[in-house]
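Dear colleague,

Please find below the structure that I am handing over to you. An account of the findings follows it.

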Amino acid sequence: MSATLSFPFQVDFMQRALVAGLAVGIFAPLIGIFLVQKRLSLIGDGIGHVAFAGVGAGLLLNVWPVWTALGFAVVGALGVDWLRARGRIAGDVALALFFYSGIALGVVLVSLGGGLNANVITYLFGQPLTVKPSEILVILTLGGVITVTMWLLRRPMFAVVTDDDWSRAAGLPVDGLNSLLAVLTAVAVVAAMRIVGILLVAAMMVLPVASAQLLARSFRGTLAIAVCVGAGSVVVGLSAAWFWDLAPSGAIVLAAAGVFAVVSLVKRAAPRALRQEEHG
Amino acid sequence: MRFGYDGQPVLDDVSLRVAGGEFVALVGPNGSGKSTLLRILLGSLKPEAGSIRIFGNDPDAFDQRWRLGYVPQRPTLASEVPATVEEIVISGRLSRRGWWRPLASDDRAAVMHAIESVGLGELAKRPVNTLSGGQQQRAFIARAFASEPELLVLDEPVAGVDAGSQHRFSDALSHLIREHHAGVLLVSHELSAVAGIVDRVIVLKGRVLFDGTPSALMHEGVSLGIHPEDLPLWLEGLR
């Protein structure tokens, strides 16, 4: 494998980071495109904070934090969806309730479990360079579940996030599909947290989609470009981290943000250049 | 059929039927219960008394959803991600072909036929959020047409839509009734666009004030040219 990959991905730990990172770069936008369409871009961030409480619980109970984070995140995601769907409180208030309660519970559990240490920092900010083969297996398995599910349900999911009134009349199980999207968002947050960290995971769901929607003229095209931007950001971010000794998770997200900035500038400049050409 | 919110009656003693090939316009002022009646028909609300039947079935037990086309009230698409007219209209085939079956040639033909019948053939690959309000509404009508429905329910489909789109809208409904013998139930404040093809007018204000042909309505001294908001007042004044 090392012979076929170019520098800097010839080293074992960089190869592991690349495999896990590419998985995240692909499955995160698959969820993100539906969240952006539903105007729920920040839900991944809120669920990430609930997942932090799960990490704290895992460290306290001496259980692998990925499993406890998964349990907390799924319950939190269903809770946010339940409150939002029933209109008991506004969507942003429902998010804030879980957001702050999750982070507060996480802080309390982490302090009970021995305080802020390198292990906690790894989950908060991500560290792809130290990811182990067993963790890669979990990331690939969870990512595979997300990818297959979203592929199978892409048509009804597209209908629901585009127009839920019509979808109900067409007999689609709108509430069930919304709940499933919330659960898959939680799974994506937990699967990605070891790579980009709980605090940055939502960025990998949203930023590639934000860039892609500026370039594409269809939903299918947006999805394809978003996946390419997500995967490309991982390659660029990991390479930048290697060459300039940067935090890899931050470099990956900055690469995704950089793509958005460049695409926005080009989109803004292109019509102006065309106009000048016409007048010239 | 009767329905109320928190003990306040909204619909009382409402009884109506739409047959195949019949174009029924439902009009009434704001708060007259039109939207409530549609929500009951679509199964999202339950009547307090009486019953609703869709092709002879209880709405909860009705599983041939493709037979019922629906165009919701929506002036513009709140779409963050670009979606083409074709992608939106393909959604309309979901209830007919299922979630997983790939698009077959008859699905593609039905989608293109629906798009062309509302005059959007040349815009099929364009993102819906770049179209005018009238063109967007026609895309939603095409989505409803795509399942080849036997009953089409439209909620204020031409509100705020330009005259050209209203004309195409009227042509498309005529086509659906003529070629597919579908029934149409239209809730609208803009009856002038469809005045020539309406078979029956139902005037609603909590109860049915009038149910008959446009010419019978004219016999009552009311024409479709009068703003539909005012129809019940005219009828009450005449009775």
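How do the residues of the lining of the second largest pocket divide into nonpolar, polar and charged? They divide into 13 nonpolar, six polar and three charged. Here Ala, Val, Leu, Ile, Met, Phe, Trp, Tyr, Cys and Pro count as nonpolar, Asp, Glu, Lys and Arg as charged, and the others, Gly among them, as polar.

Before going further, please note that this is a predicted model, in which local features need pLDDT of at least 70 and side-chain atom pairs count only at pLDDT 80 or more, while totals for chains, interfaces and linings use all residues; side-chain values use heavy atoms, with hydrogens and water left out. Residues are numbered from 1 along each chain as its sequence is written, and chains are lettered from A and ligands numbered from 1 in the order in which they are written.

Pockets

A pocket is an open set of points, on a 1 Å grid over the protein atoms alone, with protein on both sides within 12 Å along at least five of seven lines; a cavity is a set of points where a 1.4 Å probe fits but cannot get out, and lining residues have an atom within 4 Å of a point. Grid points are joined across faces, edges and corners, and a volume is the space filled by probe spheres set on the points. Helices (H or I, at least four residues) and strands (E, at least two) are DSSP runs, numbered from the N terminus.

The second largest pocket has a volume of about 530 Å³. Its lining comprises 22 residues, of which Leu16(B), Arg17(B), Val18(B), Leu41(B) and Arg53(B) are the closest to its centre. Two or more residues each come from α1 (34-41) and β6 (183-187) of chain B, and α1(B) gives the most, with three.

The largest pocket holds about 720 Å³ of space. Among its 23 lining residues, those closest to the centre are Arg154(A), Arg155(A), Phe219(A), Arg220(A) and Glu87(B). The largest share of this lining, four residues, comes from α2(B). By class, the lining has eleven nonpolar, four polar and eight charged residues.

Cavities

Among the residues lining the largest cavity are His113(B), Phe145(B), Glu148(B) and His180(B). Helix α4(B) gives the most to this lining, with four residues. The lining has five nonpolar, four polar and one charged residues.

The two chains

Contact (heavy atoms within 4.5 Å) takes 28 residues from chain A and 29 residues from chain B. The buried area, which is the accessible area (1.4 Å probe) that two parts lose on being put together, summed over both, is about 2500 Å² between chain A and chain B, with carbon and sulfur atoms giving 59% of it. Arg155(A), Trp166(A) and Arg217(A) supply 28% of the area that chain A buries against chain B, more than any other three residues.

Yours sincerely,
A colleague
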